[in-house]
Every structure is written in structure tokens, then in C-alpha cells.
Amino acid sequence: MADLKERLLPPKPASAFNVREGINRPTASGRQAFQGVDVVEVKKRGQGLKSWIRVDTSGNSQVIEVDKFTMMRRCDLPARDLRLLDPVFVYPSTILGREKAIVVNLEQIRCIITADEVLLLNSLDKYVLQYVIDLQRRLTTTGVGEVGEVWQSDHSDMNQRRGNRNFENLYSNNSPDYLPFEFRALEVALEAACTFLDTQAAELEIEAYPLLDGLTSKISTLNLERVRRLKSRLVALTRRVQKVRDEIEQLMDDDGDMAEMYLTEKKRRMELSFYGDQSMVGYRPVDGASISLPVSPVSSPPDSHSRRLEKSLSIARSRHESMRSSESNNENIEELEMLLEAYFVVIDSTLNKLTSLKEYIDDTEDFINIQLDNVRNQLIQFELLLTTATFVVAIFGVVAGIFGMNFEIPLFDVPSAFQWVLIITGVCGVCIFSAFVWFFKYRRLMPL
């Protein structure tokens, strides 16, 4: 990984070192020269140059510096598509199929995929470097880059008609293990994004379940705050996973978008039409007369019949190519759909994990609310009993207030009158309290 970082770091130009050396060199008076900024770097920054990692079909990687408008012309992309790759802005996950490129913005992987290369913004992020390593390993083991080399060697040794047939055979490989270069790069990007999201979901699960179990056993402010933070992270991660899932599902539902992503197929058609036109231009009738059509008695230009023949052959060839391309598109769309469906299953499994975790958190919250409601009900019952007991005690206060009046009655002269008053008042209080408790239980205000 360290070697790859050193290779992918953009090299500093020699002019920048010369400027720095000239600035740091002391003057004749012994003072240090003016500590200015790097002129070359300021110039590059003014031109809007960005460092990109380029990976070709052979797995070779290099660092290039290209400005925004050059990249737009190179990949035939609008400015809004390049804005999706800017790390300064935060955009949701997106996969866009364009005429000559596929714009991929999946979590940490932001790249442009063409039929011949993959362009990533140069970054020291470990996920970007891991994507480059995985892509190089995938291209090296499968040998996709050999297709172009075989075509060039065959084309240099054979004539155009033989070369067209070889070119078509090379690009129309229908083996189940074959995928075009752009789909291999897209597959690595999908694999990296799905793995990254699944890893985060697994880490969140490992952290969540013990914390929720601890909260059910002991409800405290600290545990509630931890669960609140955990739920916030879960909602954010679920939103990102849902966006990736929706993007893949949207691609699978739209056959036009999937057909637009066949960059190698479109390049093959352009090459076939180009070499077909060259072969038709190279065709000329012998001795100025058509060999397939009779000479018309009406005076006509010498090349009119050949032009008609070329036009009819061109129309027939275009019809044949359109029929064959439609059939191949249906087959290729099925291949791309199978590829997307495989990663749709992976990201859907990750989403199911997060959904199960969210349901577990909701169940825990419901359990805690039930516990709190139970405690609240117990407090209400205790308050009801306490209020009833207070009412019973208030009866003693009423009796004491009555006997505390300043008047004389014969009962005051009886020696055992005070004991009888206490006994009768206590019995009445107990009976009243028992009646209240029986009424509460009868009305199911208290547990039996």
C-alpha cells in the first residue's frame, strides 16, 4: 500500500524545485530571500488542474493532471456530471450512463469509466487505493487488455475485410465469464461500495446489541444518550444504503440506461461502420463499368451505377447491423442485469440487517416505555393509597377538634371515655380505609 501511495502521488515538476531553491538561497548580504509562494503551483491552481489516477485496460496506472474542460472534452461529459465527482460537495450515490463514459459516485469511489480507461480523482484514501489495487488485479488475471493488442496485430497483418471479421469476433465473445472493460470496472466499484457499507453495518451491529441489552437491564441517562447517538448513525447509514439500492434498482428497471452503458459495444459499432465505409469507398467497378448491373441506354455519369450499388449495400448493411445489434443488446442487457442483480442482492441483504437492527431498537424502546409506564402506574397506585390513608388520619383530626371545644359535657367525667373514643375512631378509620381499598380493586384501579 505504501509503494502504491508513492507511485500515485503526483510528481513535483523540476521548475518548482528550482523556484524553491532560488527563493531559499541566501543573498550576498547574508539575508534570506523573500519567502514567496510556489509560482508553478499557483499557476496550476489558477488553471484548475486536478490530479487523476488513470488505469487502462491492461491494468497499468499512472497519474495525470487534467483541467476540467479538457476532461469534459475527453469523456464527452457535461459540467454537472463532473461536479458529482468533486470531493468538496456531498452528493448521494449515483451511476450515470453517458455516450462515451459511465459516471460512478458510490460512497468513497468516484470515477469516470470509459471503454479504454478508468479515471479517479487522485486521493490517499485507503478505499480509493484499494479500488485501484483490486481493479489492477482483476484486469491482470482476466487479460481484458489483450483484445486491443490482438486486434492491432491482426489489422496490421491482414486486409480490412479480414480485420473486420476478427474485430467482430473479438468483441462478440459470448462466453459466460467475459465482461467488457467498463463492466469489470463497474463491478469492482460496486463490490467496493457494497463491502464498505456491509462492513459499517456489521460494526454497528456489534456495537448496538450489547448496548441495547445493557439499556434494558439498567435505564440511565448515559445509556439513553448512547442509544440516541447509535440511532442517529443507523438512520444515516440506512439512508446511504437505501440510495445505493434504489440506484441499482433504477438501472435494472430501465433497459435504455443499461444499453447506454455498453461503451465497448458502441465503440465496436463505430469501428465496424468506419472500416465498412472505408471498404465501400475502396470498391470501384472494373474499367469504369458496373459488373452487377446492365448499362442503361440513357446517358448517365460513369459512376452513377456504382453509387446506387453503394447506397443499396449501405442500406442493407445498416439494417443487418441494427437487427444484429438489437439482438446482441438484449443478450448483453441480460448479462448486465445479472451483474446488477448480484450486487442488488448484496446491498439488499445489508439493508435487511439495518432494518432488523432498527426494529430491535424500536422493540427495545417499546420495552423501556412499558417499563416506565409500569413504574408510573405503581407510583399512581401508591399515591392513591397515600391519599386514602391521609383521609383516614384526617378523621382523627376531626374527632380531636370536636372534643377540643371549650364546653363541658358529662362524657368528660367518665374515666374510660378517652380510650373508647380512640378505639371507636380507629375502628371507623380502618373500616373506611378497607372500603376504599375494596372499591379500588373492584374498579380494577389496583392489582388484585
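This is a predicted model: local features need pLDDT of at least 70, side-chain atom pairs count only at pLDDT 80 or more; totals for chains, interfaces and linings use all residues.
Reader: How many residues line the second largest pocket, and which lie nearest its centre?
Author: The lining of the second largest pocket counts 21 residues. Nearest the centre lie P87, N105, E107, Q108 and R110.

Reader: Which element gives the largest share of the lining of the second largest pocket?
Author: Two elements, β6 and α10, each supply at least two residues of this lining. The largest share is three residues. Those three come from α10.

Reader: β6 has come up already. Which residue forms a salt bridge with E117?
Author: E117 lies in strand β6, residues 117-121. Its side chain meets another in a salt bridge, 2.9 Å from N to O. The partner is R74.

Reader: How many residues apart in sequence are the parts tied together by E117 and R74?
Author: E117 sits in strand β6, while R74 sits in helix α4, residues 68-75. The pair therefore ties together parts that are 43 residues apart in sequence.

Reader: Is E117 buried or exposed?
Author: Buried means under 20% relative accessible area. E117 has 6%. By contrast, R74 has 37% and is partly exposed. So E117 is buried.

Reader: D348 or R245: which of the two is buried?
Author: The cut-off for buried is under 20% relative accessible area. D348 has 21%, so D348 counts as partly exposed. R245 has 18%. The buried one is R245.

Reader: Where do D134 and R137 lie?
Author: D134 forms a salt bridge with R137, with the closest N and O atoms 2.9 Å apart. D134 is partly exposed at 23% relative accessibility, and R137 is partly exposed at 46%. The two are three residues apart, about one turn of the helix. Both lie in helix α6, residues 126-142.

Reader: How far apart in space are T264 and T114?
Author: T264 is found in helix α12, residues 263-282. In sequence, T264 and T114 are 150 residues apart. In space, C-alpha to C-alpha, the distance is 8.4 Å.

Reader: Which side chain does a polar contact join to that of T264?
Author: T264 counts as buried, at 9% relative accessibility. Its side chain has a polar contact of 2.5 Å.

Reader: Which residues form a nonpolar patch on the surface?
Author: The patch has about 500 Å² of accessible area in all. Its members are V398, I402, F403, L411, F412 and V414.

Reader: Where does F412 lie?
Author: F412 counts as partly exposed, with 40% relative accessibility. It is part of the nonpolar patch. Helix α13 covers 304-403 and α14 covers 417-442. F412 lies in the loop between α13 and α14.

Terms used:
Residues are numbered from 1 along each chain as its sequence is written. Side-chain values use heavy atoms; hydrogens and water are left out. Patches are made of residues with over 30% relative accessible area and no salt bridge: like charges are joined within 9 Å, nonpolar side chains (Val, Leu, Ile, Met, Phe, Trp, Tyr) within 5 Å. Accessible areas come from the Shrake-Rupley method with a 1.4 Å probe; for residues, only the protein chains shown count as cover. A salt bridge is a side-chain nitrogen of Lys or Arg within 4 Å of a carboxyl oxygen of Asp or Glu. Helices (H or I, at least four residues) and strands (E, at least two) are DSSP runs, numbered from the N terminus. Buried means under 20% relative accessible area, exposed over 50%, partly exposed in between (1.4 Å probe, protein chains only). A polar contact is a pair of N or O atoms within 3.5 Å; within protein, one must be able to donate a hydrogen and the other to accept it, and residues adjacent in sequence count only if both atoms are side-chain atoms. On a 1 Å grid over the protein atoms alone, a cavity is a set of points where a 1.4 Å probe fits but cannot get out, and a pocket is an open set with protein on both sides within 12 Å along at least five of seven lines; lining residues have an atom within 4 Å of a point.
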